[in-house]
Amino acid sequence: MSKEKIFQIEKKGDVAVITMDTPGEKVNKLNEALIDEISDILDQLESDDSLKGGVLVSGKENNFVAGADIEMFKTRETAEELSELSWTGHEILLRIENLKKPFVVGINGSCMGGGTELALASHYRIVSDDSSTKIGLPEVQLGLLPGMGGTQRLPRLIGIQKSLTYMLTGKNMYTHQAKKTGFANEVVHKHAIVEAGLKAVQKLSKGKSKQPDKRSFFEKILEGNPIGRKIIFSQARKQTHGRTKGNYPAPPKIIDSVEYGFKNGLEKGLKNESRLFGELAVTAESRALVQLFFAMNDAKKNPLKDQAKEVERIAVLGAGLMGSGITEVSVDNGYHVWLKDQTLENAAKGEADILKNLDKKVSKHILSSFERDEIASLIHTTEKYDGFNHIDLVIEAVFEDLDLKQNIVKEVENHGSDNTIFASNTSSLPITDIAAKADRPENIIGMHYFSPVQKMPLLEIIKTDKTADWVTATAYEVGLKQGKTVIVVNDGPGFYTTRILAPFMNEALLLLEEGADIEELDKAMKQFGFPVGPVALFDEVGIDVGAHVAEVLSETFEARGAKTSKKAKELVDAGYKGRKNKKGFYKYEDGSKKEVNREIYGFFGGQNRKSIDRNEIQQRLAMVMVNEAVLCLQEGILESPTDGDLGAIMGLGFPPFLGGPFRYIDRETPGKMVERMEKLQEQHGDRFKPADLLREKKGSSFHE
């Protein structure tokens, strides 16, 4: 039986319309099979004299090419093998670039990584004005550089400075930017792509199309000479080091690759790019980020999908920061949401915040005004429970007070149907306690979102021993539709993420009690790889929230002989809440963080601070968090080490290049981790006592 082909060719006059549609897959990915077939297509184009050129489009809805197939990495171990893989891609794209006939691409939907590099090697790029269209080179997020010509062709097309911004951050280029930067030769409606492609081939075959240079006058001056380029690369290195603290090897290599190409020409630049790609692909950092990528992809598959019930209507209770955030990600993805608060005025404030965010997207050309109005029409503000018998899922996002939450459960049960799911967005209260007085505890689950909901990728679902499987399955499906990476954990105080964050924050307070300097603490942990330091994080989440979490979890920790700080409660009693009331560990003006609020040292032994070794700070804070993660696995809160890694990285900012707490243990070895913790236990007490499961893992690892 012959294998189904990825490419289909249809002749339209003297132009070949080539449709790329990988059989049985939701998206097209660049892999060996696709590269082999492109080679055959190019043979046909070259040899058929009746054809003037070709237009490549995708047969997938909202997807051109999702990038290179990362599965190819699994079969290659060495830098040489991975460089060779990169060079295979180069060879095919060089054929496209050097083709004597026009080769046009029509992009609709996501065009990532290798897909963007394929477009860059083509002679003309048509981009649809659909909001699903986004172009990017996100390889840096896998600890890699674009390995199929991205570091060579993008700077030559849109300029060095603009291209470095896209490659060093991995951020998306939307249609508006694609046109503005000169990436797109033309922007059309998605249904007009083929027609525009046919015209482009005719135009190109007559030599009538020139690539516009959209760079500003100053960009041309600076990028057009060796001294100017030297300044650009030097500044890029400085800024990159400031951002990555030297923890990620890929960004400096991207800069090196671009610079080498400008000094030595395209051909040598491509060879060098392949070599650097291979070197990066075998680094521990890239391996960790690639494993994280696989884990995120696996989390997109709901293991209980066949039990999930259809959800059309969601209600969100509480229109504050969290409630309006949950509403926004829900309406953004097609759900009707009833946003309820105690008064219509409060609910309207929450709606106004969402509309402001939608307007920002319109101003950035991410959404059209019609799409914004369509999304806004899905929000229904209310102060009553009227019609809740038609609501499929209620997500409660009110204050962390157990009595209040139990009362709300009662109200929802009275007004909802037998199948209405009640989900609590609590960050620490056990779901079992929230469901303790419920008539239908099997309908109750935790859906723990992270702030800001629109940006934070994780959803932690918490099930109790009474939660029905269909309820877990349905909550999981909703989370996926909201664009979240989902983990499911079992119930307990603080579940997983809050439980491992609490000892981390507690250790920061204990270090301050010992005389540590606030800025030194934060700098040390940012250097370690966290996006924000623990003290700044206290201000961000709210010192009052931190104090509440400490209260909920102190019994669990003190039962193990762990020393807990009472300072958060003292600070709250004295009126310190952090950024929300501009009174925290830092001073705030106009909403932005200024210098350290030195008066707070009065609670921590006075103004004289002592310098504590950076390594000691990093080890103490990292080890309490890592050990707590192992205890969560040991006690069955976590169902797998992979969930533990995903939760810590995507919910709490644990350094991605370390791969998460469990991959970090595997990299350092469990034996070494036990030694470090025992040393800290001797010096600082039983909160560093290694988990039994960690001792048992000596000589083995958490991940196969």
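## Surface and overall build

The protein exposes about 30600 Å², and carbon and sulfur atoms supply 50% of that area. Areas come from the Shrake-Rupley method with a 1.4 Å probe, and for residues only the protein chains shown count as cover. This is a predicted model: local features need pLDDT of at least 70, side-chain atom pairs count only at pLDDT 80 or more, and totals for chains, interfaces and linings use all residues. Residues are numbered from 1 along each chain as its sequence is written, and side-chain values use heavy atoms, leaving out hydrogens and water.

The protein has 704 residues and a radius of gyration of 27 Å, which agrees with the value near 27 Å for a compact globule of that length. The radius is taken over C-alpha atoms, and the globule rule is 2.2 Å times the number of residues to the power 0.38. Along the principal axes, the C-alpha atoms fill a box of roughly 80 × 60 × 55 Å.

## Fold content and charge

There are 28 helices and 20 strands. Both are DSSP runs numbered from the N terminus: helices are H or I with at least four residues, strands are E with at least two. Of the contacts with a separation of 6 or more, 74% join residues 24 or more positions apart. Contact means heavy atoms within 4.5 Å.

The protein carries 95 positive and 104 negative charges, and their mean positions are 7 Å apart. Lys and Arg count as positive, Asp and Glu as negative; His and the chain ends are not counted. Each charge is placed at NZ of Lys, CZ of Arg, CG of Asp or CD of Glu.

## Nonpolar cores

Buried residues make up 54% of the 704 residues. Buried means under 20% relative accessible area, exposed over 50%, and partly exposed in between (1.4 Å probe, protein chains only). A nonpolar core is a set of buried Ala, Val, Leu, Ile, Met, Phe, Trp, Tyr and Cys residues joined through side-chain atoms within 4.5 Å.

The largest nonpolar core has 130 residues. Met 447, Tyr 496 and Phe 585 have the most contacts inside it. Helix H24 (residues 614-634) gives the most to this core, with 12 residues. Apart from this core lies another, of 66 residues, among them Leu 42, Val 127, Phe 277 and Ala 281.

Helix H4 (residues 150-158) is mostly covered, with eight of its nine residues buried. Among the buried ones are Arg 153, Leu 154 and Pro 155. Just after H4, Gly 159 takes a positive phi of about 105°.

Leu 276 lies in helix H11 (residues 266-281). Leu 276 is buried, at 4% relative accessible area. Leaving aside neighbours within four places in sequence, Leu 276 contacts Leu 145, Lys 253 and Ser 257. Ser 257 is 19 residues away along the chain, with a C-alpha separation of 7.6 Å from Leu 276.

## Backbone exceptions

Most residues other than glycine have a negative phi, and most peptide bonds are trans. The bond from Ser 451 to Pro 452 is cis, with omega near -5°. Pro 452 lies in the loop between strands S16 (444-449) and S17 (458-463).

Asn 62 is not a glycine, yet has a positive phi of about 60°. Asn 62 sits between strands S3 (53-58) and S4 (63-65) and is partly exposed, at 31% relative accessibility. Lys 582 also has a positive phi, of about 55°. The loop holding Lys 582 runs between helix H23 (567-573) and strand S19 (586-589).
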